[in-house]
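Dear colleague,

Please find below the sequence and structure that I am handing over to you. My findings follow directly after them.

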Amino acid sequence: MGLANPNPLVSSQKSSDSGLQAVLHPLVLLTISDYITRHTLRGQEGPVVGALIGQQNGREITIEHAFECATKETDGEIILDAAWFAQRLDQMKTIHNSPQLDLVGWYTVLPKSGPTPFILPIHRWILSTHNESSLLLAFHPEEAVQHSAGSKLPLTIYESNYEVDEPKAEQGEDKEMRDGDPPLKLKFRELPYSVETGEAEMISMDFVARGAGNATRIEPRDQKKAAPKPSAETPPDIKGKKPVKKEQASNTSEGKAQEAKEPILSSEDEEMIAALNAKMNAIKMLQARVNLLTTYLERLPPSYLSPNNATDLAAAQQTTPSYTILRSIQALVSRLSLLVPSDTVAYEQEMLSEANDVHLMELLDEVMQSVTEARDVGKKYGIVETAKSHSKKLLENAAALGAGFSFSGPGDLAI
């Protein structure tokens, strides 16, 4: 007998039964994280609530943009400000009219266990007023803090549906027969999603990634320390001719040395750092996924492993075998042979030939630069030699004309 779900608002049905698929864009994640950060640092009251706009094409829903919403408390329940929400939704529809976007759901901060009763008034109002198939995006801050390479996004997307909520009869008891239809209750079911990025979002995400990769806190150089107030014993120096004290001179020299030590990165260096950070994160994620698959295979029951690879683990530490996962791992392992060339010797020779071509081009480039520098030196040497010969001829002509003759120089008067 299966265990009941501890959260009464979460449906017991599988997410694959409906066939609905959500496509999430990174811009929505940036908007949500920015709103949560501002809400937390400013100490604002009330819940974090926002709307999601996108498109619905058949059984696929795209979540492309998000905006925060104003809430109010009525009879102890948190609801949306209807007038403000309608005006803001019309503004967003006007801005994003090609392609036309509409309200597809809303987001808030929830624990990992699932929806809580306080969200029901807002969700019911959106279902009855704007969209009957509205989604709920739950952001989990506790998972965002515990970030690790290769981990999932700290969010869950739910779809809502009215389901029959009949009390289950205990074992050995007869079920009471009732007339009429059973009551329907609003429940949430987890929805699978994928992340999709457009060309415009790639530009913004690349800019954010570059800024996050080399962001450092640097105080502005023109920021000066507050000058000490003059006391009665040391009157202020009005004319500014007072000699500088040793402490002030040492502080000034230390400040100049610190400014000189500050690294100044060029745009090429920043791009290289961002590219290296992206590759490092990709390698970390790949290593984390490989370790996850290795751990899964090592903890399988002994009946699934060969005698040489069997481990002495307790039943509680063993993983539950899944034929779907095992088939996927087998397919992945079988595709690895496609990455290895059939003729290894020819492949290595081709790689060596390409490497030699690259090194040869580098050497030719260095030779051409050396030839260019040598030609420049030759031109400069020719100019110097021409000037020497010209001055030598002038001196010889002056000696031939006589000692009293001299050439006119700058500042002499011509008569």
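**Nonpolar surface patch**

Helix α8, spanning residues 323–339, is the element that gives the most to the nonpolar patch, with four residues. Please note that the model is a predicted one. The patch covers about 550 Å² of the surface and is made by L293, L332, V333, L336, L339 and V340. One of these, L336, is found in helix α8. L336 counts as partly exposed because its relative accessibility is 45%, which falls between the 20% limit for buried and the 50% limit for exposed residues.

**Nonpolar cores**

The largest nonpolar core has 24 residues, and those with the most contacts inside it are F67, C69, L80, F85, W106, L136 and F188. Two or more residues each come from β2 (49–57), α2 (82–95), β6 (102–109), α3 (120–129), β7 (135–139) and β9 (184–191). Helix α3 gives the most to this core, with four residues.

Which residues are in contact with C69, leaving aside its neighbours within four places in sequence? They are Y35, V49, G50, A51, L80, W84 and F85.

**The chain as a whole**

The protein chain has nine helices and ten strands. Of its 415 residues, 20% are buried. Among contacts between residues at least 6 apart in sequence, 66% join residues at least 24 apart. The chain exposes about 31400 Å², of which carbon and sulfur atoms supply 57%.

With kind regards

Methods:
Residues numbered from 1 in each chain as written. Predicted model: local features only at pLDDT ≥ 70, side-chain atom pairs only at ≥ 80, totals over all residues. Heavy atoms only, no water. Core = buried A, V, L, I, M, F, W, Y, C linked by side-chain atoms within 4.5 Å. Buried < 20%, exposed > 50% of the residue type's maximum accessible area, 1.4 Å probe, protein only. Contact = heavy atoms within 4.5 Å. Patch = residues over 30% accessible without salt bridge, like charges linked within 9 Å, V, L, I, M, F, W, Y side chains within 5 Å. Areas by Shrake-Rupley, 256 points an atom, 1.4 Å probe, with all protein chains shown as cover. Salt bridge = Lys/Arg side-chain N within 4 Å of Asp/Glu carboxyl O.
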